[in-house]
Amino acid sequence: MLKIHGIPRSRAFRCIWAAEEAGLPYEVVPLGFAPGFKLERPLAINPNNKIPALEDGSLVLFESLAINMHIARKAGAPLMPSGDDASRVDQWTLWAATEAEPHVMRWSYNAYLKPEAERVPAEAAAGKEALDARLAVLEAELATRPYLLGDAFTVADLNLASVLYGSWLNGYDYTRFPKVKAWLDACLTRPKALAARKQREG
Ligand SMILES: N[C@@H](CCC(=O)N[C@@H](CS)C(=O)NCC(=O)O)C(=O)O
C-alpha cells in the first residue's frame with residue numbers, strides 16, 4: 001500500500017492522481033498547512049519538511065514528480081512507456097519542474113494563493129509573461145500530436161498537466177494557446193483525474 005503524506009490541496013494532489021491512474025492501492029496520510037503555507041507539524045520522513053512524501057514499503061521518497069515516476073514505473077506501460085519514450089518522459093517531467101513550475105507559482109501566489117493584501121500584481125504579470133513564453137513552445141509541440149509523446153496519455157502528460165492544474169482551475173488566460181487548453185481539458189477530465197480532483201475540490 002502506497003502511503004502519500006500530505007493533503008489533496010497541495011502538491012500531494014499530483015501523487016494521488018498518479019496512484020489513481022496506476023490503479024495502485026494508496027492511502028493519504030493527512031498533513032496540511034498552518035498559516036503562511038507552513039506545515040502544521042513536522043514531517044520527519046522528508047528532510048525538506050515539505051509535502052508530499054511517499055512511503056512504499058521500506059522506500060521513502062520526496063519530490064512530487066519523482067514520486068510520480070516511481071508510481072508510474074510500478075504500473076508500467078502505457079502510463080510509463082519504455083525505451084526512448086521513457087527518456088521523453090524524463091525530458092517533459094524536467095521541463096515541467098524547471099521551465100513551467102517556477103513561473104506558474106509566481107503567477108499563482110500573486111493571482112489567487114496569497115491573501116489579497118499580499119499579492120503583487122507586477123509579480124503575477126511577470127510570472128504570466130514567462131509562463132506564456134513556455135506555453136508557446138508547448139502549443140507548437142501539441143500541434144503535431146494529442147499528447148506529449150504521441151497518441152497515448154502517459155505520466156509525462158500527468159506531470160506537466162498537474163503542474164499547470166492550479167492555473168487552469170483559477171482563471172489563467174489560455175486563449176492564445178488553444179492546443180494547450182484542449183490538452184489540459186483532456187488530461188484533467190480523465191476519469192482518474194476527476195477522482196483525484198474530487199478529493200481536492202469536492
Ligand atoms: N519540489 C517539491 C515542493 C514541495 C513543496 O513546496 N510543498 C509545499 C506544499 S505544496 C510545502 O510542503 N510547503 C510547506 C513548507 O514549505 O513549509 C515537490 O514537488 O514535492
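**Charges, folds and a buried helix**

Reader: How many positive and negative side chains does the protein chain have?
Author: There are 24 positive and 24 negative side chains in the protein chain, and the centres of the two sets lie 3 Å apart. Lys and Arg count as positive, Asp and Glu as negative, with His and the chain ends not counted. Each charge is placed at NZ of Lys, CZ of Arg, CG of Asp or CD of Glu.

Reader: OK, and where do the coordinates come from?
Author: This is a predicted model, in which local features need pLDDT of at least 70 and side-chain atom pairs count only at pLDDT 80 or more, while totals for chains, interfaces and linings use all residues. Residues are numbered from 1 along each chain as its sequence is written, and side-chain values use heavy atoms, with hydrogens and water left out.

Reader: Fold next. What does the secondary structure of the protein chain come to?
Author: Seven helices and six strands. Those are DSSP runs numbered from the N terminus: helices are H or I with at least four residues, strands are E with at least two. Reading from the N terminus, the order is β-α-β-β-β-β-β-α-α-α-α-α-α.

Reader: Why call the protein chain as compact as a globular protein of that length?
Author: Because its radius of gyration is 17 Å, close to the 17 Å that the globule rule gives for 202 residues. The radius is taken over C-alpha atoms, and the rule is 2.2 Å times the number of residues to the power 0.38. The C-alpha trace spans about 45 × 45 × 30 Å along its principal axes.

Reader: What share of the 202 residues counts as buried?
Author: 46% of them. Buried means under 20% relative accessible area, exposed means over 50%, and partly exposed is in between (1.4 Å probe, protein chains only).

Reader: And contacts: what percentage join residues at least 24 apart?
Author: 62%, among contacts between residues at least 6 apart in sequence. A contact here means heavy atoms within 4.5 Å.

Reader: Let's zoom in on α1. Is it mostly covered or mostly open?
Author: Mostly covered: eleven of its eleven residues are buried. Among them are Cys15, Ile16, Glu20 and Glu21. Just after α1, glycine 23 has a positive phi of about 70°.

Reader: Which residues does arginine 14 touch?
Author: Arginine 14 sits in helix α1 and is buried at 5% relative accessibility. Leaving out residues up to four places away in sequence, arginine 14 touches Ser64, Leu65, Asn68, Glu101, Leu158, Ser162 and Val163.

Reader: Switching to rings. How many aromatic pairs does the structure hold?
Author: Eleven. Rings of Phe, Tyr and Trp (its six-membered ring) pair if their centres lie within 6.5 Å; planes under 30 degrees apart are stacked, over 60 edge-to-face, and the rest tilted.

Reader: Where do phenylalanine 13 and tryptophan 17 lie?
Author: Both are in helix α1 (residues 12-22), four residues apart, about one turn of the helix. Phenylalanine 13 is buried at 1% relative accessible area, and tryptophan 17 is buried at 0%.

Reader: Last one: which helix holds serine 167?
Author: Helix α5 (residues 155-169). Serine 167 is buried, with 0% relative accessible area. Its C-alpha is 8.2 Å from that of tryptophan 107, 60 residues apart along the chain. Not counting residues up to four places away, serine 167 touches Val104, Trp107, Tyr112, Tyr172 and Tyr174.
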